[in-house]
Amino acid sequence: MFSHQTVDKPGDVSVSEDLFQDTDATIECGCCYDDCRFEDMVQCSDGHLFCRKCVENYTRESVFGQGKANLVCMTDSCDATFPKSQLEVALPVDLLSQFESRMQEEAINMAAMADLVR
């Protein structure tokens with residue numbers, strides 16, 4: 001079946017989506033290796049696919065554990081990020097809000113503006 005197809009480029013995703021929409025085929029998550037339905041997957045901007053649960057766990061660890069807001073792809077040697085549109089679909093509303101707040105805080109810290117009132 002299609003369970004181990006890799007999507008290497010963002011343009012390839014629409015082709016893959018057509019393949020998976022009309023079937024019960026699954027795709028392997030690039031993190032936990034579970035087989036998931038295409039519509040339950042989240043992709044980085046390079047097209048690497050992960051299940052929603054892994055992206056949610058990764059986001060929680062990044063925001064609360066590591067205190068960072070830079071969500072890069074979980075595939076080795078890929079430095080692509082997850083598009084906001086993908087995170088909006090994958091993350092619960094409260095976690096998305098906390099992630100966005102962390103991104104704003106990180107941007108303010110990077111600006112290093114001593115006279116900024118928070």
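What follows is a friendly conversation about one predicted protein model.

Trainee: What should I know about numbering and pLDDT in this model?
Mentor: Residues are numbered from 1 along each chain as its sequence is written, side-chain values use heavy atoms, and hydrogens and water are left out. The model is predicted, and totals for chains, interfaces and linings use all residues, while side-chain atom pairs count only at pLDDT 80 or more and local features need pLDDT of at least 70.

Trainee: In what order do the elements of the protein chain run?
Mentor: Helices (H or I, at least four residues) and strands (E, at least two) are DSSP runs, numbered from the N terminus. The protein chain has four helices and four strands. From the N terminus on, their order is α-β-β-β-β-α-α-α.

Trainee: What share of the protein chain's residues counts as buried?
Mentor: Buried means under 20% relative accessible area, exposed means over 50%, and partly exposed is in between, using a 1.4 Å probe and protein chains only. Applied to the 118 residues of the protein chain, the buried share is 33%.

Trainee: How far does H2 reach from its first C-alpha to its last?
Mentor: The expected span of a helix is 1.5 Å times one less than its number of residues. H2 has 14 residues, with an expected 20 Å. The model comes close to that, with a reach of 19 Å.

Trainee: Which elements are included in what covers the buried residues of H2?
Mentor: The buried residues in H2 are Cys54, Val55, Glu56, Tyr58, Thr59, Ser62 and Val63. Their cover includes strand E3 (41-43), strand E4 (49-51), helix H3 (84-90) and H4.

Trainee: Are H2 and H4 parallel or oblique to each other?
Mentor: Two packed helices are described by the angle between their axes and the distance between the axes. Axes are lines fitted to C-alpha atoms, for helices over the stretch in contact, and angles run from 0 to 180 degrees between N-to-C directions. Helix H2 (residues 52-65) and helix H4 (residues 93-111) pack at about 40°, with axes 10 Å apart. Angles under 35 degrees count as roughly parallel, over 145 as roughly antiparallel, 65 to 115 as roughly perpendicular and the rest as oblique, so H2 and H4 are oblique.

Trainee: Which residues in H4 meet H2?
Mentor: On the H2 side, the contact has Glu56, Thr59, Arg60, Val63 and Phe64. On the H4 side, the residues are Leu95, Gln98, Phe99 and Arg102.

Trainee: Is Ser101 buried or partly exposed?
Mentor: Ser101 is found in helix H4. Its C-alpha atom is separated by 9.0 Å from that of Ala69, 32 residues apart along the chain. At 40% relative accessibility, Ser101 is partly exposed.

Trainee: What is the phi of Tyr33?
Mentor: Most residues other than glycine have a negative phi. Tyr33 lies in the loop between E1 and strand E2 (35-36), and is exposed at 54% relative accessibility. Although Tyr33 is not a glycine, its phi is positive, about 65°.

Trainee: What is the relative accessibility of Ser77?
Mentor: Ser77 is found in the loop between H2 and H3. Ser77 is not a glycine, yet has a positive phi of about 65°. Ser77 counts as exposed, with a relative accessibility of 81%.

Technical notes. Contact means heavy atoms within 4.5 Å.
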